Amino acid sequence: MKLLLAAAALAMTALPALAGQAKVENATARKSGATWTFEVTIRHGDTGWDHYADGWAVLAPDGTQLGYRTLHHPHENEQPFTRSLSDVAVPDGVTEVMIRAHDSVHGWSDATFKVPLR
């Protein structure tokens, strides 16, 4: 019986890790005056407050963070979901940025999504 209870407890603690990393599925950029607006679509197996996609960043090619969008709650019933970030200053000469998603368990995703700036 103790072994069964231990196995059940272990399985429940592993559940949040099953959702995997947050993934950027699509992103677009639109220039407005001197700044940019980014629309980013993320997919993640949000399981509630214990494990959810909690943000994404706009990065210059050298890895400098240009902007960050905090996601304030889980999106269990809205997958994938799209959110925007406005007023991002991009240095002159930068022709492409990367978007990287973040989740509350795994941290930064291993993958980035490249967005050309036109």
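Q: Where is Val88 found?
A: Val88 sits in strand 5. Keep in mind that this is a predicted model.

Q: Is Val88 buried or exposed?
A: Buried, because its relative accessible area is 2% and the cut-off for buried is under 20%.

Q: What is Val88 in contact with, leaving aside neighbours within four places in sequence?
A: Thr35, Trp36, Phe38, Val58, Leu66 and Gly67.

Q: And how far is Val88 from Lys31?
A: Their C-alpha atoms are separated by 9.3 Å. Along the chain, the two are 57 residues apart.

Q: Which residues have the most contacts inside the largest nonpolar core?
A: Phe38, Val40, Ile42, Trp56, Val58 and Ile99. The core has 22 residues.

Q: Which elements give two or more residues to this core?
A: Strand 1 (23–32), strand 2 (35–43), strand 3 (53–59), strand 5 (81–88) and strand 6 (96–103).

Q: Which strand gives the most?
A: Strand 2, with four residues.

Q: Step back a bit. How many helices and strands are in the chain?
A: One helix and eight strands. From the N terminus on, the order is α-β-β-β-β-β-β-β-β.

Q: How much of the chain is buried?
A: Buried residues make up 37% of the 118 residues.

Q: What about the accessible surface?
A: The chain's total comes to about 7,000 Å². Carbon and sulfur atoms hold 54% of that.

Q: What share of contacts comes from residues 24 or more positions apart?
A: 55%, counting contacts in the chain with a separation of 6 or more.

Q: Charges next. Which side chains meet in a salt bridge?
A: Arg43 and Glu25, at 2.6 Å from N to O. The pair links distant parts of the chain, 18 residues apart. Arg43 is in strand 2 and Glu25 in strand 1. The salt bridge count for the model is one.

Q: What about Asp103, where is its place?
A: Asp103 is in strand 6. Asp103 is buried yet has no salt bridge.

Q: Which side chain of opposite charge is nearest to Asp103?
A: Arg100, 11 Å away.

Q: Which backbone nitrogens does the Asp103 side chain reach, then?
A: Val105 is one of them, with its backbone nitrogen at 2.8 Å. For Ala22, the backbone nitrogen lies 3.5 Å from a polar atom of the Asp103 side chain.

Q: What does Asp103 touch, not counting residues up to four places away?
A: Gly20, Gln21 and Ala22 on one stretch of sequence. His44, His51, Tyr52, Ala53 and Asp54 are also touched.

Q: Last one. Which non-glycine residue has a positive phi?
A: Asp87 has a phi of about 60°. Asp87 lies in strand 5. Asp87 counts as exposed, because its relative accessibility is 63%.

Methods:
Residues are numbered from 1 along each chain as its sequence is written. This is a predicted model: local features need pLDDT of at least 70, side-chain atom pairs count only at pLDDT 80 or more; totals for chains, interfaces and linings use all residues. Side-chain values use heavy atoms; hydrogens and water are left out. A nonpolar core is a set of buried Ala, Val, Leu, Ile, Met, Phe, Trp, Tyr and Cys residues joined through side-chain atoms within 4.5 Å. Buried means under 20% relative accessible area, exposed over 50%, partly exposed in between (1.4 Å probe, protein chains only). Contact means heavy atoms within 4.5 Å. Accessible areas come from the Shrake-Rupley method with a 1.4 Å probe; for residues, only the protein chains shown count as cover. A salt bridge is a side-chain nitrogen of Lys or Arg within 4 Å of a carboxyl oxygen of Asp or Glu. Lys and Arg count as positive and Asp and Glu as negative; His and the chain ends are not counted. A polar contact is a pair of N or O atoms within 3.5 Å; within protein, one must be able to donate a hydrogen and the other to accept it, and residues adjacent in sequence count only if both atoms are side-chain atoms.
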